[in-house]
Structures are given as C-alpha cells and as structure tokens.
Amino acid sequence: IFLVGTGAISKKLDDTDRHNKILHAIGQILKQGHFKPQQFNDEFSLKVFNEFFKSLDREKSIFLESDIKELKKYEPKIDEEITGAPVEFFYAVNEIYKKRILLLKEKHQSFLEKPYSFNDKDSIVTVYENIVYPKNEKDQSKKWAKEFKFRSLEKYVDLQEIREKSKIDSVKNKTDKELELQARNSVKASMNKYFDRIIRKTSDNDRFNQFVNIITNLMDPHTDYFGPVEKRAWDEGITGKFYG
C-alpha cells in the first residue's frame, strides 16, 4: 500500500494553489516512485474522467447529458494536469455538481408529496453501463420521481413483511395506505440526510481528495491517497496514540 499525506503542503496556500501542488506532487511520486507506473496519457485521462463521474453520480441522475458534453473537452487533458498543467477539470466538474445538487435539494420533496400507486407497470435501469444521463431538467425530474417511487416500493414491501410477521396490534393492523405513507416518509428522511451530507458535511477538499484517490487507485487498486485528516486517523489507528 502506497500512502500519501499532504502535511508538507503549506496550509497558508489557497485551495487552488494547494490542489495544484498536491496533484502535481502525486503525479511526480506515482511516476518516479511507484513500483510499476502506468503512463499518464490520453487513455489514462479517459479512465479518470469516467471514474470520477461514476464516483460522484453512480445513478447518472445528478449531471445532465449537456453537462457531460460540456466537460468532454477536459477528457484528454487530465494527464497534463497531473504532470504539471493547472488543475481545471476538477473545478469545472465540482462547480456543476454543486449547482445540480442545490437545484435537486430544492425540488426533491415535491416528488414525494403525493401517494404512490404501485399497481402500474414500470421499470428502472440499475446497471451503470446501461443508464443514460437525463437530457434536460424535465427529464431529470422524471428520473428522480421514478427513482423515489422505486425506493418507496422497496420500503413498502419491507413494511408489509414486517406487518405480516408482527404480533403487535399497532403494527399488524396498519393499512396499506398507512404503510405507503410510512414508506414515502422514510425515503424523504433518507434523502434529506443525503443532501445534508453532501451540502453541509462534504467539502470541496473532500471531493478533491476523492478525485486524487481515483488517480492513485487507477495506478493500481492498492495505491491510496490520504488527505491530512485521513492520514492522521490512519496514524492514530496504527500507533494507538491519539492527539487533541
């Protein structure tokens, strides 16, 4: 396991300078110090491009098709950023990602306002390679509404099974209507936590660390990048010494 911390990078630098120095340092270390380095070329760039979107948007429900087309211009340039060019790809993706997340947070509860009927025939694609990005915001809303319905149905079926097995009157006497509402409320609470985690608890630096880790993992699956917080947690876990 090849571990990299960023303690040597000054905290006085602004994020842009620090991210540039970190990425370039990682590129240099991987190129010169890795036991079997891959070449940083257009092929490697394509892998990073695809894996970063996969890590941020596994259901292809956050970015639009037009976003991906706009960002395609960075696809062959990521290797150049790793080896010394200014970091641009990460910032371009991150800004669009944050914008899309805020818009979805504002309207996601509207998808869960009305009761669902689970008698209609419908389908949802779950295999990443077969999923397509929504063409526009209207298409995206339809996709999220269908996803929420699917999640509510999963919860609804679980609640039905609990009702069938329960010996408690307040549980076994619940109607399907009550279970459907409970299922929707459960999905709503889950999605509130999801958006809260991304918006309030996940920073730009966290996503940058995620981006760098994709690069190191693509070099080989046992090569990991640790930011300062993760490095400290690792050290504490190894040594058993904790610092306040």
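**View 1. Glu-161 is partly exposed in this predicted model, with a relative accessible area of 41%.** The model is predicted, not experimental. Glu-161 sits in helix 6, which spans residues 137-165. Together with Glu-154, Asp-158 and Glu-164, Glu-161 forms a negative surface patch. Membership of such a patch requires over 30% relative accessible area and no salt bridge. At 41%, Glu-161 is therefore above that area cut-off.

**View 2. The largest nonpolar core contains 45 residues.** Phe-53, Phe-63, Phe-89 and Phe-211 have the most contacts inside this core. Several helices each supply at least two of the core residues, among them helix 1 (15-33), helix 2 (42-56), helix 3 (65-71) and helix 4 (78-82). Helix 5 (89-107), helix 6, helix 8 (176-201) and helix 9 (204-219) also each supply at least two. The largest share is that of helix 5, with eight residues. In soluble globular proteins, nonpolar side chains tend to be buried together.

View 3. Glu-65 is partly exposed, at 28% relative accessibility. Lys-69 is exposed, at 58%.

**View 4. Arg-100 and Asp-67 pair through a salt bridge.** The N to O distance is 2.9 Å. Arg-100 belongs to helix 5 and Asp-67 to helix 3, so the pair ties together parts that are 33 residues apart in sequence. Both Arg-100 and Asp-67 are buried. Each therefore has under 20% relative accessible area.

**View 5. A salt bridge links Arg-200 and Asp-196 in helix 8.** The closest N and O atoms of this pair are 3.1 Å apart. Four residues, about one turn of the helix, separate Arg-200 from Asp-196. Arg-200 is exposed, with a relative accessible area of 68%. Asp-196 is partly exposed, at 21% relative accessibility.

**View 6. Glu-95, Lys-98, Asp-204 and Arg-207 make up one salt-bridge network.** The four residues are joined by salt bridges that share partners. The structure holds 16 salt bridges.

Methods: Residues are numbered from 1 along each chain as its sequence is written. This is a predicted model: local features need pLDDT of at least 70, side-chain atom pairs count only at pLDDT 80 or more; totals for chains, interfaces and linings use all residues. Side-chain values use heavy atoms; hydrogens and water are left out. Patches are made of residues with over 30% relative accessible area and no salt bridge: like charges are joined within 9 Å, nonpolar side chains (Val, Leu, Ile, Met, Phe, Trp, Tyr) within 5 Å. Accessible areas come from the Shrake-Rupley method with a 1.4 Å probe; for residues, only the protein chains shown count as cover. A salt bridge is a side-chain nitrogen of Lys or Arg within 4 Å of a carboxyl oxygen of Asp or Glu. Lys and Arg count as positive and Asp and Glu as negative; His and the chain ends are not counted. The place of a charge is taken as NZ of Lys, CZ of Arg, CG of Asp or CD of Glu. Buried means under 20% relative accessible area, exposed over 50%, partly exposed in between (1.4 Å probe, protein chains only). A nonpolar core is a set of buried Ala, Val, Leu, Ile, Met, Phe, Trp, Tyr and Cys residues joined through side-chain atoms within 4.5 Å.
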